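Trainee: I would like to learn how to read a structure step by step. Could we go through some features together?

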Amino acid sequence: MIKDMLRIRMVEEAIVDLYPEQEMRCPVHLSIGQEAPAVGVCSALGTDDWVLSNHRSHAHYLARGGSLERMLAELYGKATGCTGGLGGSMHLTDPEVGFIGSTPIVGSSVPIAVGAALTAHLRGLDRIVVVFLGDAAMETGVVHESLNVAAVHNLPVLFCCENNLYSVYSPLSVRQPAHRTLSDLASGHGIRTISGDGNDVEEVYEIASEAHWGISQGDGPIFIELSTYRLREHCGPNFDNDLGYRSEEEYMSWQMNDPIERLAGKISWNERDTVTQDIRDEIEQAIAFAKASEFPDPEIITYPVYR
Amino acid sequence: MSREITYAEALREALDYCLEQDPDVYVMGLGVPDPKGVFGSTVGLQDRYGPRRVFDIPLSENALTGVALGSAICGMRPVLVHQRVDFALTSFEQLVNQVSKWHYMFNGQMAVPMVVRMVVGRGWGQGPQHSQSLQALFAHIPGFRVIMPTTPHDAKGMLIAAIEDDNPVICLEHRWLYGVREHVPEGGYRVDLNTASVVRPGTDVTLIGVSYMTVECLAASLLLEEVGISAEVVDLRSIRPLDVERILESVQRTGRVLTVDNAHVAGGMSAEISAVVSEFGFDQLKVAPQRLGFPDYPTPTSPALADRYYPLPHEIASKCAEMLGRSEIFKPPDLGDRRLDQPNATYHGPF
């Protein structure tokens, strides 16, 4: 799992390096700092399971096995991108690996995941659906509606809530009462919840495995709350500590808690070097592929508005 | 051999047929399995197909729209039913951001075969939030098909075609059409989702009716006939895509077009039709395209006020006469026992 996290981190850092070239002309919500929930949860899934995500979806897509080449090509707006240049960073998809899709309207992909779970339920399929959501999604009405629907139909869906404490620059403290957790909200819908350290990938994996097992047994939906932290700005490649919306102390404490560095002792420097080099090669190839790919041709493209 | 059934029964037969034909079809909506079964259109379906395929929902229109979408992209064919258009507005986020765009924004990799039925209310004090007819809002969004069947025959054939279609279809059904009876074939048949229908041929003026307004246009055409004016009545029925070809063909014949929309005039389908006719059929026009519809204020509740709200046959006929440079002013109908807030004297509220 450390290799998967390292790969995601290095992809995101490659985007950081290349973004100033202004060739990736779409918003990017980088997952730097939030790799563990994606990797820990996706590592616990079976090949048949389905995943949906939100605006900050690079880590989820990559952890699920989505094509790196097609993701980068999408960021470059190329015809070889995973949506052929129609969606961009906020609309990743790779149905072949069960990554149904990500969409950026907060909370909005959650009922769609419940619908995917309803399909599994109606057809008696042995698969679960995972949807990644953030702390702010818990403030949207549609998420509560969705939790209720999942509970009333006992659907095989795992709500994976990454609490990174901020909705853009607005802290949780101005958005939700201090005495109530995100899990409390899900519990109120009669859904079993599990909370954990979202920067500890092994803990995440254990929680997700337990949840996966329970859901697969027909226990119904489970909500997991994972505390984590975004180390870069909300949207874009930069640090934004200069804005002052979060304290230096808070930032430093989370940086000390970096999910990858916490596991650094589990991998030797030699091995890390080898792994890093392999990932670097893969990323370079993917970037070369993306850059060399053609743009979609507005003269010949058939816009797929209708089937 | 005539087998007359109502519009509501025709809708129910369409659902019944699709549920029987395709195990991926399911029907959900508030009140779908209740004793009244969405004004009769879903009665008995749960008994026949069971609670897994025909079921009631929590009062969460937005989430259930996303649920329908999520299941559709995974292979199901959901039909989501709302007892009023107004109630479905809480699902506008899912409809506009997700349902209409999913196929497009993921580059055609996933089909979205789903139908959302919504009922348009009228009369008996339905008022500002039970009688909105918002077809123009839906028709504005690329990715939707929007249909408003007027006849029982079309209701059944279009609903079957909509459920079998691989695109999201918004089906708007006028409450006052539910009791209309006509011959409807048994079994399955399809009515094209892309075409308007000429329900009465004529030569002097084209009346384009939207949903229930087609009924009023037909009544107007009878008034016009009495004074020797031949009106062609076109039932628009397909709101998006618009059957521009058939509209222009009719205008070519008559040179005059009056659109009677079951909605506000400003920014509505009547504006779109006038624009299309002006752009592509300008040479054929003898007079400027005209429009009738609802005034620019929400539906009032009191029957005294609601009586003045909806276009009536005599007003449609008078407008046509004016377009022909004639002076006939048609008189309001003699209603007998009927008030204008009920479709006929036997039709009592609440509804």
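Trainee: How many residues does helix H6 of chain A have, and what distance does it reach from its first C-alpha to its last?

Mentor: Please keep in mind that this model is predicted. Helix H6 of chain A, residues 141-152, has 12 residues and reaches 17 Å from its first C-alpha to its last, which is close to the 16 Å expected at 1.5 Å a residue. After H6(A) comes A:Asn154, whose phi is positive, near 55 degrees.

Trainee: Which residues of H6(A) are buried, and what do the buried residues pack against?

Mentor: An α-helix has 3.6 residues a turn, so residues three or four places apart point the same way. In H6(A) the buried residues include A:Val142, A:Glu145 and A:Val149. The buried residues of this helix pack against helices H5 and H7 and strands E3 and E4 of chain A, together with helix H4 (61-73) of chain B.

Trainee: How many residues of chain A are in contact with chain B?

Mentor: There are 33 residues of chain A in contact with 34 residues of chain B. On the chain A side, H5(A) gives the most, with nine residues, and by class this side has 18 nonpolar, 13 polar and two charged residues.

Trainee: In what order do the strands of the open sheet in chain B come?

Mentor: Strands of a sheet pair through backbone hydrogen bonds, either parallel or antiparallel. Here seven strands follow the order E3-E2-E4-E5-E7-E6-E12, with mixed pairing. E3 and E12 of chain B stand at the edges with a single partner strand each, so one side of each is left without a neighbour in the sheet. E6(B) and E12(B) run antiparallel and are joined by two bridges, and B:Ile147 stands opposite B:Ser238 in E12(B).

Notes. Residues are numbered from 1 along each chain as its sequence is written. Chains are lettered from A and ligands numbered from 1 in the order in which they are written. This is a predicted model: local features need pLDDT of at least 70, side-chain atom pairs count only at pLDDT 80 or more; totals for chains, interfaces and linings use all residues. Helices (H or I, at least four residues) and strands (E, at least two) are DSSP runs, numbered from the N terminus. The expected span of a helix is 1.5 Å times one less than its number of residues. A residue is buried if 20 or more other C-beta atoms lie within 10 Å of its own, exposed if 12 or fewer, and partly exposed in between; C-beta atoms are placed from the backbone. Two residues are in contact if their C-beta atoms, placed from the backbone, lie within 7 Å. Two strands pair if DSSP finds at least two bridges between them. Ala, Val, Leu, Ile, Met, Phe, Trp, Tyr, Cys and Pro count as nonpolar, Asp, Glu, Lys and Arg as charged, and the others, Gly among them, as polar.
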